[in-house]
Each structure stands twice: as structure tokens, then as C-alpha cells.
Amino acid sequence: MFHANNSVLGECALINTNRIYYLSIIAIPLRIINIFLFTLTVSHDTLVLKTWSQGIIASHFILLIFMIGFFLTTRKLKNRKEPNTTMFVLQYIAVIVIMASGIAIVTLDQLVTTNITPFLLICLISGVVFLIKPLISFIIYLTSYVAYYYLIALTITNQQVLLSNRVNGITAVGLGFLLSIILWHYNYTNITQRWRIERQQKQLEQMAYYDPLTSLPNRRFFDKLIKQEFSSMQRQGHESVIIILDIDNFKNVNDTYGHPVGDNILRQLAILLANNVRESNTVSRFGGEEFVILMPETSLEEGYAFAERLRKLIMEERFIIGSIKLRITSSFGVSLLSDIKSESLEDYYYLADKALYLAKQCGKNRVEIACGSAEMADPGKK
């Protein structure tokens with residue numbers, strides 16, 4: 001039970017930070033009310049009453065200062081998505097301060113009463129509010145009890161009452177520690193289960209929307225992306241470009257060296273493409289040796305220049321698979337996405353594909369562009 005997976009400590013620090021924030025919101029006015037009541041209603045007829053009253057007021061005032069500090073600190077931290085060192089340290093400081101305040105108050109209370117309610121409350125509050133790793137929680141509760149055990153002896157003169165309160169203190173510590181373990185285990189289970197579900201969802205998404213060979217988005221993902229981009233173009237009025245590229249004579253590579261070599265080339269080409277597109281661009285594998293690139297907010301001329309640059313990069317790249325070193329070339333087709341009508345959006349690649357076909361017919365290892373009329377043209381002739 002004392003051993004817990006450290007992987008959840010960051011998540012627990014985030015939760016504890018938020019809980020400290022809300023705890024301080026509640027604790028601040030309560031401390032002010034307690035100070036106000038003790039200042040106005042408690043008489044100082046004897047030295048014992050005066051010591052008790054002033055000690056309680058001082059304890060609440062110190063706790064108030066800490067709570068204000070916790071509030072100001074956690075207000076800045078509570079919206080963070082990732083834990084930091086301040087969060088880790090703050091959660092332990094908060095537990096120690098609360099436990100210490102309870103011990104101080106119950107020690108002073110023994111001057112006028114025999115109950116240990118403040119110590120019981122802080123044990124329960126610490127166990128319920130804070131998610132603390134069981135081993136650390138055990139150390140905190142053990143240290144707190146040792147401090148409680150010796151400090152109450154300073155204000156209790158009746159040995160029977162002292163023994164009773166020490167025994168009752170063990171019960172308070174035991175209850176608090178039990179709650180701490182139960183809630184830690186409950187939250188640990190919830191956090192790890194949520195992570196497991198998130199991993200499974202990512203795996204399902206990977207299977208549904210990504211190509212298993214190259215890890216690039218597949219056609220299903222790209223189809224959804226195109227619809228979103230087409231809507232964005234209609235709202236904002238910008239141009240976007242579709243580029244289709246196909247490896248030249250790829251069948252010869254597979255026939256000569258085997259499909260494992262061909263698959264390796266596809267993976268290396270996918271990396272080359274992904275590393276040379278803008279962050280806003282998306283590279284997808286449509287299947288076989290065909291790749292498609294979406295370039296939002298790009299003119300036809302910019303798309304052509306980019307495709308030409310990619311063509312040269314691919315032509316100059318040396319693909320190494322074991323002892324085999326190969327060079328390949330690719331043909332490109334480029335078109336504007338705006339040239340496709342919304343009612344035929346599923347054919348968004350039609351014009352670029354026709355431009356690719358023309359590039360193949362014209363000798364391969366070249367870039368061709370498509371006009372909205374589906375008439376192909378070389379930019380150099382425009």
C-alpha cells in the first residue's frame with residue numbers, strides 16, 4: 001500500500017493546487033471570524049485565560065497569513081496544465097501548515113478544556129483534501145503525532161487526561177491516514193484508467209486516420225481536412241493548393257529489390273516530405289507510392305514553386321537501405337482547391353491528378369499545374 005506509481009504525482013499536484021485554492025477561499029474568512037470572536041468575547045480574568053486567548057488568536061492569525069499566501073500563489077497556478085516545482089513544494093507546505101496549526105490550537109486548548117477536536121479535524125481535513133503518496137502521508141501523520149504527543153504534555157497537568165488524549169490522538173491520526181490511503185488509491189485508479197482510455201483512443205485514432213507504414217495521415221483523415229479547409233476558404237476568401245506526387249517507376253524498384261526495400265523508401269520519403277513542409281501544411285499518403293499535400297493560404301504560383309523544390313530535393317536524395325543505395329524521381333500535379341465546386345468536393349484531387357497524369361506523359365520527374373477549366377499548363381508559358 002505504501003508503494004505507489006510516481007507517474008501520477010504530477011497529476012495529483014495539479015489537483016492539490018486547485019484544492020488548496022478553494023480551501024484558502026473558505027479558510028480565510030473563517031480565520032477572520034475566529035480572530036474577531038476571540039478578540040471580542042473571551043475574558044482575560046486570569047493569566048491562563050489570557051494566555052489561552054492570545055495564543056489562539058496568534059495561531060489563527062499565522063494560519064490566516066499562510067492562507068492568504070496560498071490563495072495568491074494558487075490563483076496564478078490553478079489554470080496550468082502541467083505541474084511545476086512550486087506546485088510540488090506548495091502541497092506539502094500546505095499540509096504541514098494545517099497540521100501544525102491544529103496541533104498548536106489543541107495544545108493551547110488544553111489550558112481550558114480537555115477535548116482534542118482541532119487535532120481530529122485537521123487529521124481528517126488533511127486526509128480528505130490532499131492527495132499525498134501513502135509513504136509521504138505516513139511520515140507526515142507520524143511526525144504530527146509525535147509533535148502532538150509531546151506538546152500537549154506542556155499544557156496538561158492531569159496524567160489521566162494526558163493519557164486519554166494521547167490515545168485519542170492515535171485514533172485521529174489513524175482515521176486521517178486511512179482516509180488519505182483510500183482517496184489516494186481511488187484517485188490513482190481513476191487517473192491511470194483515464195490515461196489507459198486516452199491511450200486506447202489515440203491508438204484507435206491512429207488506426208483510423210493514419211497510414212500504418214509511414215505514420216502519415218491517410219485518405220480518410222485528409223478527406224475530413226479538405227472539407228474543413230474548403231469551409232475556411234469560403235469564409236475568409238483565401239486560396240489553397242493541392243499537390244499530388246507519385247514516385248516514378250516505383251514498380252521497377254519493388255520488382256528489382258523487393259517490397260521491403262520499396263516500403264523502406266516510402267518511409268524515408270514520408271520523413272523527407274514531413275520535414276520540408278510548413279507547419280500549416282499537411283502531408284498524406286493516399287496509397288501505393290502516391291502522396292498528397294494540402295497547402296492552406298497558398299497561391300497556385302507558390303504551390304508550383306514549392307512542388308518544384310520538393311522535386312529537386314527528392315531527385316538529389318540518396319535513399320539507403322542496408323547496402324542498397326538508390327535515387328528516385330517523382331512527378332507532381334498542382335491545382336487550386338478553390339477550382340473544385342462544393343457539390344463535387346469528394347473529387348477535390350481531380351484536377352491535381354490530371355496534372356500529375358500530364359507530368360507522367362511529358363517524361364516524368366516534372367511538375368505540372370492545373371487551371372480551373374482542367375486545362376493543363378506549364379507556368380513558364382503563362
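**Exercise 1. How many residues does helix α2 have, and how far does it reach from its first C-alpha to its last?**

Before you start: this is a predicted model, in which local features need pLDDT of at least 70, side-chain atom pairs count only at pLDDT 80 or more, and totals for chains, interfaces and linings use all residues. Residues are numbered from 1 along each chain as its sequence is written, and side-chain values use heavy atoms, with hydrogens and water left out.

*Solution.* 
- Step 1: Find α2 at residues 47-77, which gives 31 residues. Helices here are DSSP runs of H or I with at least four residues, strands are runs of E with at least two, and both are numbered from the N terminus.
- Step 2: The expected span is 1.5 Å times one less than the number of residues. For α2 the expected value is 45 Å, and the helix reaches 45 Å.

**Exercise 2. Describe how helices α4 and α5 pack.**

*Solution.* 
- Step 1: Two packed helices are described by the angle between their axes and the distance between the axes. The axes are lines fitted to C-alpha atoms, for helices over the stretch in contact, and angles run from 0 to 180 degrees between N-to-C directions.
- Step 2: For α4 (residues 117-129) and α5 (residues 134-151), the angle is about 170° and the axes are 12 Å apart. Therefore α4 is roughly antiparallel to α5 (angles under 35 degrees count as roughly parallel, over 145 as roughly antiparallel, 65 to 115 as roughly perpendicular and the rest as oblique).
- Step 3: List the residues in contact (heavy atoms within 4.5 Å). Phe 119, Cys 123, Ser 126 and Gly 127 of α4 meet Tyr 141, Ser 144 and Tyr 148 of α5.

**Exercise 3. Is Asp 246 buried or exposed, and which residues does Asp 246 touch?**

*Solution.* 
- Step 1: Locate Asp 246 in strand β1, residues 241-247.
- Step 2: Asp 246 has 12% relative accessibility, so Asp 246 counts as buried (buried means under 20% relative accessible area, exposed over 50%, partly exposed in between, with a 1.4 Å probe and protein chains only).
- Step 3: Leaving out residues up to four places away in sequence, Asp 246 touches several residues, among them Glu 289, Thr 329, Ser 331 and Lys 360.
- Step 4: The side chains of Asp 246 and Lys 360 form a polar contact of 2.9 Å. A polar contact is a pair of N or O atoms within 3.5 Å; within protein, one must be able to donate a hydrogen and the other to accept it, and residues adjacent in sequence count only if both atoms are side-chain atoms.

**Exercise 4. Where is Ser 331 found, and which backbone nitrogen does its side chain reach?**

*Solution.* 
- Step 1: Ser 331 belongs to strand β6, residues 330-336, and is buried with a relative accessible area of 0%.
- Step 2: The side chain of Ser 331 reaches the backbone nitrogen of Asn 365 at 3.1 Å.
- Step 3: Asn 365 sits in the loop between α11 (350-361) and β7 (367-370). Its phi is near 50°, a positive value in a residue other than glycine.
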